[in-house]
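Here is a short report on one protein model. Look at the structure first, then read on.

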Amino acid sequence: MALHQTITVLNTMDSAFVNGEQIRQLFAAYPAVQVEVRKVEGDKGSTEFVKITIPGSEGKGAGGNAPTFGIVGRLGGIGARPGRIGIVSDADGAVAAVASALKLADMQSKGDVLKGDVLVTTHICPDAPTLPHEPVDFMDSPVDILQMNEHEVLPEMEAVLSIDTTKGNRVINHKGIAISPTVKEGYILRVSEDLLRLLEMTTGRLPVTFPVTTQDITPYGNDLYHINSILQPAVATDAPVVGLAITAESMVPGCGTGASHEVDIASAVRFAIETAKEFTQGLCSFYNPAEFKRITELYGSMKVLQTSGNPAVPTA
């Protein structure tokens, strides 16, 4: 099941020498799956962006019409070396994303092929910097959020599931996984009923959601508080975005080690897989198009929240 892929990816990423090529090698036995690796330099070092394409039987990449689903593993870095030894809590998003791709690839090799294409993106950096943040420190990244979105949020993605460790706060007091309301074009919409159903099914528990503020869906760099980067993909696309948070009852810093729980990550993988199955078949909706049309007719565009805002306002 998904736990096998999760442990495989965790063991691969828990290394000071891990790189994009090692992630590529995880998919060597699946020739239909395409893995692209690109190294990008930033002001604070470098990272390697990974794009994994699992083609569908009727996917748009092969001329079909089935919807394309996007999974983004969002993080600052998978390690904070040399200051911290080992894989950090912040790595869980990357682990879950790559494990989801590995599970989909294995399913495909056994005859269970999804209708639509699934695009999985994340980045691999074992020695990222840290960043002071309240109530606990964040992981920083060697590249900025604009570069992340450029490489991870792809125009082909018709819906985006953004997976991120979300433990360094006091507003989610649940160990496991939780989902956000849908964010689209600057609007925070209601939580998708389809995704609530899938969350119940894959966890065997009542669904857990987490609050999202207007600040959380604005771009980084505007001197506003953000719970973390889980919804930063929403500033780079008009597609609906939902955050899938890997959570804890206590506050855990993103740069903390020994804090990755494989069973919780596997729960995120199962949810991502089931969402991919249904979305690419047209059975799962992230939002209600009629409601979105109505809200924009009544209140206009909110795309300004996808921008840096008023340039006349100085930053602190």
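## Helix α5

In helix α5 (residues 193–203), the buried residues are L195, L196, L198, L199 and T202. Buried means under 20% relative accessible area with a 1.4 Å probe, protein chains only. Helices are DSSP runs of H or I, at least four residues, and strands are runs of E, at least two, numbered from the N terminus.

The buried residues of α5 pack against β8 (176–179), β11 (241–247) and α6 (262–280). S192 caps the N-terminal end: a side-chain oxygen lies 3.3 Å from the backbone nitrogen of D194. After α5 comes G204, with a positive phi near 70 degrees.

## About the model

The model is predicted: local features need pLDDT of at least 70, side-chain atom pairs count only at pLDDT 80 or more, and totals for chains, interfaces and linings use all residues. Residues are numbered from 1 along each chain as its sequence is written, and side-chain values use heavy atoms, leaving out hydrogens and water.

## Nonpolar cores

A nonpolar core is a set of buried Ala, Val, Leu, Ile, Met, Phe, Trp, Tyr and Cys residues joined through side-chain atoms within 4.5 Å. The largest one has 58 residues. Helix α3 (residues 92–109) gives the largest share, 11 residues. A second, separate core has 18 residues, including V183 and L305.

## Cysteines

The structure holds 0 disulfides (pairs of cysteine sulfur atoms within 2.5 Å). C125 is in none; the nearest cysteine sulfur, that of C255, is 14 Å away.

Notes. Buried < 20%, exposed > 50% of the residue type's maximum accessible area, 1.4 Å probe, protein only. Contact = heavy atoms within 4.5 Å. Polar contact = N/O pair within 3.5 Å; in protein donor to acceptor, adjacent residues only side chain to side chain.
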